[in-house]
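Let's walk through this protein together, from its overall make-up down to single residues. Have the viewer open and follow along.

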Amino acid sequence: MKTESLIENLKKKISEFKPEPELQEAGSVVEVYDSVAKISGLFGAKASEKLIFESGAVGLALNLEEDFVGAVILDANAKIKEGDTVKRTGKVLSVPVGEAFLGRVVDALLRPIDEGGEIGADAEYLVERQAPGVMEREPVSVSLETGIKAIDSMIPIGRGQRELIIGDRQTGKTAIALDAIVNQKGKNVICIYVAIGQKKSKTARVVNFLKERDALSYTTVVLAGSSDGAPFSFVAPYSATALAEYFMDKGKDVLIVYDDLSKHAVAYREMSLLLRRPPGREAYPGDVFYLHSRLLERASRRSQEFGGGSITALPIIETQAGDISAYIPTNVISITDGQIFLESSLFNKGVRPAINVGQSVSRVGSSAQIKSMKKSSGRLKLDLAQYRELESFSQFASDLEEETKKVLERGRRVTELLKQKNGSPLRVGAQVALFYAVNGGYLDNVDVGAVKKWEKEFLELLISSEEGLLSKIESLWDEETEKMLKEFVEGFSMAISESK
């Protein structure tokens with residue numbers, strides 16, 4: 001085509017061009033109260049659609065009624081009044097995600113609230129996504145060590161599992177979750193801590209705890225503060241899971257802690273009652289079970305064919321007076337793959353972590369343990385449960401059989417050995433060595449009061465001089481490894497008895 005003809009053709013096309021008018025559906029606020037708005041005019045709105053208010057605040061459409069749309073306002077300081085215009089976006093609520101979120105503190109919509117400046121996002125993920133299907137998953141078989149002796153030995157957690165931490169307030173639930181995060185250092189596991197309806201001062205202490213132990217570099221803290229309102233507490237765990245799914249899609253392993261889902265359910269109840277949804281048991285709406293099931297079902301271990309990543313969830317639930325049969329606790333127990341039950345009476349006795357072995361369970365079990373831990377802690381849970389039963393019985397018995405005395409004495413030493421300070425997770429090889437020693441009877445002649453001193457000296461020597469042995473215990477358990485461990489334990493026991 002000649003140049004003149006080309007120019008003439010372009011001029012004709014430009015003159016004939018008629019831009020299509022961009023249509024945008026808009027409505028107006030009829031009523032607004034406590035972070036909830038009633039909007040008229042948005043007849044095409046969809047469930048969970050993102051709405052934009054005249055002031056720039058973001059809303060989330062939840063109730064789709066015949067004449068009105070009920071929406072929650074995701075802005076704690078939004079100045080919204082009756083008559084304000086509300087526009088549809090045609091999009092479901094999404095959040096920015098990316099590698100740059102590690103080491104940062106963000107709000108429920110993953111916007112930075114620390115002093116680190118803006119965060120560069122790699123992608124946008126929907127706040128609510130469908131959980132991976134059965135064919136995408138593979139069985140949980142890779143251990144995720146928490147560094148807590150009582151958990152790694154008796155209630156093991158695997159990558160892709162959902163393990164509930166449940167107990168009354170002030171029994172050490174958050175401490176267990178934080179120790180699990182600290183223990184992932186150097187293990188190529190990304191961590192996300194979600195503070196739902198928590199005081200900002202408590203979250204600041206959590207951030208400092210992680211900073212001091214060099215764990216913040218691979219962790220993102222998502223905060224929906226108690227002063228931010230119910231909608232933020234509602235959205236936060238879903239937004240955090242979207243970030244976790246970004247890393248899982250890249251083939252990485254993620255540990256996510258929801259602290260806590262009791263407050264999440266309360267926030268949802270508050271929003272639902274304001275939206276005039278019919279209340280059910282304990283004033284919770286009927287779909288409160290679905291609220292948590294669609295969240296926790298997103299935790300899984302993907303097969304290699306679909307990337308091989310995993311999300312391990314540690315939801316926390318607070319009970320009232322140890323009542324695990326209440327509405328929300330039973331809901332979450334039925335969704336998860338086991339629970340770690342913390343008991344106030346044990347906590348007050350000084351047994352910390354205060355894990356009730358009888359009511360704690362991991363439905364994945366020894367599938368999520370390395371071979372050496374299976375061998376050394378196989379009978380530990382049964383023996384400890386037996387000891388707790390005999391202990392309560394022996395208070396009323398004056399004369400005990402020799403065998404019963406032996407079980408009680410061993411149980412007291414195991415209980416002492418399982419005590420552990422906050423913020424001091426222990427590598428799994430050292431745990432195996434301790435359980436091997438106690439099961440082999442090497443602590444039977446050590447006074448109960450001296451067990452912690454014995455443990456300290458044992459671990460100091462083991463960790464400082466036996467790195468090769470520890471690595472073998474963690475990677476390969478055979479007759480030679482067991483022989484090496486036996487020689488070390490016997491040598492240490494002999495040295496201790498000679499020093500006396």
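Where is the place of aspartate 260? Aspartate 260 sits in the loop between strand E13 (253-259) and helix H6, where helices (H or I, at least four residues) and strands (E, at least two) are DSSP runs numbered from the N terminus. A cis peptide bond, with omega about -5°, joins aspartate 259 to aspartate 260.

Before going further, a word on the ground rules. This is a predicted model, in which local features need pLDDT of at least 70 and side-chain atom pairs count only at pLDDT 80 or more, while totals for chains, interfaces and linings use all residues. Residues are numbered from 1 along each chain as its sequence is written, and side-chain values use heavy atoms, with hydrogens and water left out.

The protein has a mean pLDDT (the predictor's confidence in each residue, from 0 to 100) of 92, and 97% of its residues reach 70 or more.

Now zoom out. The protein contains 16 helices and 16 strands, and its C-alpha trace spans about 100 × 65 × 40 Å along the principal axes. Of the 500 residues, 51% are buried, where buried means under 20% relative accessible area, exposed over 50% and partly exposed in between (1.4 Å probe, protein chains only). Taking contact as heavy atoms within 4.5 Å, 74% of the contacts between residues at least 6 apart in sequence join residues at least 24 apart. Helix H3 (residues 173-182) is largely enclosed by the rest of the structure, because 10 of its 10 residues are buried. Among them are Lys173 and Asp179.

Next, the helix pairs. Two packed helices are described by the angle between their axes and the distance between the axes. Helix H5 (residues 230-249) packs against helix H6 (residues 261-274) at about 130°, with the axes 8 Å apart; axes are lines fitted to C-alpha atoms, for helices over the stretch in contact, and angles run from 0 to 180 degrees between N-to-C directions. That makes H5 oblique to H6, since angles under 35 degrees count as roughly parallel, over 145 as roughly antiparallel, 65 to 115 as roughly perpendicular and the rest as oblique. Residues in this contact include Phe234 and Tyr238 of H5 and Tyr268 and Met271 of H6.

Further along, the axes of H11 and helix H12 (residues 402-418) come within 9 Å and cross at roughly 115°. Leu384 and Leu390 of H11 are among the residues in contact, as are Val407 and Leu408 of H12.

Finally, some loops. Proline 353 lies in the loop between H9 and E16. Glutamine 359 is found in the loop between helix H9 (344-349) and strand E16 (361-362). At 35% relative accessibility, glutamine 359 counts as partly exposed. Leaving aside neighbours within four places in sequence, glutamine 359 is in contact with Ile324, Gln339 and Phe341.

Which value does phi take at alanine 321? Phi of alanine 321 is near 55°, a positive value in a residue other than glycine. Alanine 321 belongs to the loop between E14 and helix H8 (327-335), and counts as exposed at 75% relative accessibility.
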